[in-house]
Amino acid sequence: MASPRLETFCCPNRDAATDFVVSFQPALFGALGLGSASLSLVFAVLQILPKRRGYRRLGQSALPRPASSSRILFIISVCDLLGCAGIIVRSSVWLGLPNFIDGISVANGTYAWPQVFCVGSAMWIQLFFSASFWWTFCYAVDVFLVVKTSAGISTIILYHMITWGLAVLLCVEGVAMLYYPSISDCEQGLQHAIPHYVTTYAPMLLVLVANPVFFSRTVSAVTSLLKGRQGIYTENERRLANEIKIRFFKIMLVFCICWVPNIINESLLFYLEMQTDIDATALRDIRNAALITWFIMGILNPMQAFLNTLAFHGWTGLDVDLRPRPRRELPWDSASTSVPNAAGNNPLVGTTLLYQSHVQEAKKNAGNGQQHSDAISVLSEGSESSTVEIHISSELRDYEDVDADGESMESSVRH
C-alpha cells in the first residue's frame, strides 16, 4: 500500500498512532499486501498484452488515436505496475526477514540497512503511485484539450516534465522534512510530519476534485461535437456520449475505491495522534475503525493497477498473442482494403480507390474532421461499435466529397 505512515514507520522514534497500526498483525498485513499486489500485477500485465481476438483489434484498424491520450493510459498502467512491484518486494522482505525489519525499532547508528531499505522501498512506492496520480490528472486535461482544441505528440513532452518533476520534487521534499536531522533520529512533532503528508495526499486530492470537473466539461463538449457532425443528434450519438460518460465514471469510481480509504484512515490516525492516550477506552471505536481501514488500504491500493486497466479498456481476455506483428500499411492505402469486395481484382478500380483514399486523407488533414474523429475515438476506446460507426459515417461523407474527383480519375485512366 502507499501510505505516508510507512515512511514514518522507518523512524525508530515514531509516534504512537503509527506504531499502533503498523505493529498490529504485521505478518497478516504483509501477506494481504503481497497477495493483492501479485494478483493485480499479473492480471494488469495480461490486460495490456496484445490479444489474438482483442477488443481493440477492430477499433485500432478503424481509426488512429491521438498519441498523447493513448500514451498516457499506458504510462498510468506502467506506474501502477512499478508501484505494485515495490509493494511485492517490501512485503516479501517483511514476511521472509522479520528480524531484519525489527532492527528499525532500535536506534543503532552502526547498522542502518533496515532503515535504508524501509525508506527506499517506501519512497519507490510513493513515487510511482504519486506519478500515477499526476498522470491521471493529465489524462483528464488531455481529453478535454483533444475535444476542445488539439493535443498531439508535442504535448506528451510537457506532461512528462510536469508529472515526473512534481512527483520527484514532492517526494524528496516530504521525505527530507520527515527524516530531519537523520533517519535514525527523526525529529518528533507534527511540524515535520505534516509537510510529508501534504506532499503525499496533494496529488490524490487534486484528482478527486479536478478530474470530475474536466470529465464533465469533456462530456458536454463531446455532446456538442456529436450534434454538430450532421446537424442531428441520433440514437447512435446519444449512445456514444453515454458510453463516454460511463467510461469516465468508471475511472473515477476505481480511483475512489482504491484511495478514499487512505484519506479516512489518515484522518482517524491524525485524530488519535492528537490525543494524550490513544489506549483510552473512549477511543476504542476510533482504533478499530483505523485498523479496519488500514487493512482495506493494504488490499485496495495495489489493486489499482488491475482495476485501472478494466476502467480504461474493459476485460480484454486471456488469449495473449506474443507473435511479432507485421508492419502496418500506409495510412492512405489502408482505405482500399476497407471497401467492400465489389471491385474484385480490377486494377482500374483499385487505382481509383487509391486515388480516392489519398484525396480523402488530404481533405481530412486540411480540416478539423480528423481531429474530431480522433478525439471521439480515444474517448470511446473499448467500444468497438461506437468507434466503427464514427469511422464509417466519416468515411461515407468523405467519399461523397471526392466522388467527382474519383470519376474524373477513372475516365482519364480509361482513355
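How many salt bridges does the count come to? The count comes to one salt bridge. Keep in mind that this is a predicted model.

Let's look at that pair. The side chains of Arg 239 and Glu 243 meet at 3.5 Å, N to O. Both residues sit in helix H10, which covers residues 235-273. They are four residues apart, so about one helical turn separates them.

Next, the inside. A search of the whole structure finds four cavities of 30 Å³ or more. I'll take the second largest cavity. It holds about 60 Å³ of space. Which helix gives the most to its lining? That is H7, with five residues. Helix H7 spans 113-148, and helix H9 spans 190-230; each supplies at least two lining residues. Among the residues lining this second largest cavity are Ala 2, Phe 129, Thr 199 and Trp 259.

Last, the surface. There is a nonpolar patch here, formed by Leu 39, Val 42, Phe 43, Trp 315 and Leu 318. Together these residues have about 500 Å² of accessible area. Take Leu 39 as the example. Leu 39 lies in helix H3, residues 26-48. Is Leu 39 buried or exposed? Its relative accessibility is 51%, so Leu 39 counts as exposed. The cut-off for exposed is over 50%.

Terms used
Residues are numbered from 1 along each chain as its sequence is written. This is a predicted model: local features need pLDDT of at least 70, side-chain atom pairs count only at pLDDT 80 or more; totals for chains, interfaces and linings use all residues. Side-chain values use heavy atoms; hydrogens and water are left out. Patches are made of residues with over 30% relative accessible area and no salt bridge: like charges are joined within 9 Å, nonpolar side chains (Val, Leu, Ile, Met, Phe, Trp, Tyr) within 5 Å. Accessible areas come from the Shrake-Rupley method with a 1.4 Å probe; for residues, only the protein chains shown count as cover. A salt bridge is a side-chain nitrogen of Lys or Arg within 4 Å of a carboxyl oxygen of Asp or Glu. Buried means under 20% relative accessible area, exposed over 50%, partly exposed in between (1.4 Å probe, protein chains only). On a 1 Å grid over the protein atoms alone, a cavity is a set of points where a 1.4 Å probe fits but cannot get out, and a pocket is an open set with protein on both sides within 12 Å along at least five of seven lines; lining residues have an atom within 4 Å of a point. Grid points are joined across faces, edges and corners, and a volume is the space filled by probe spheres set on the points.
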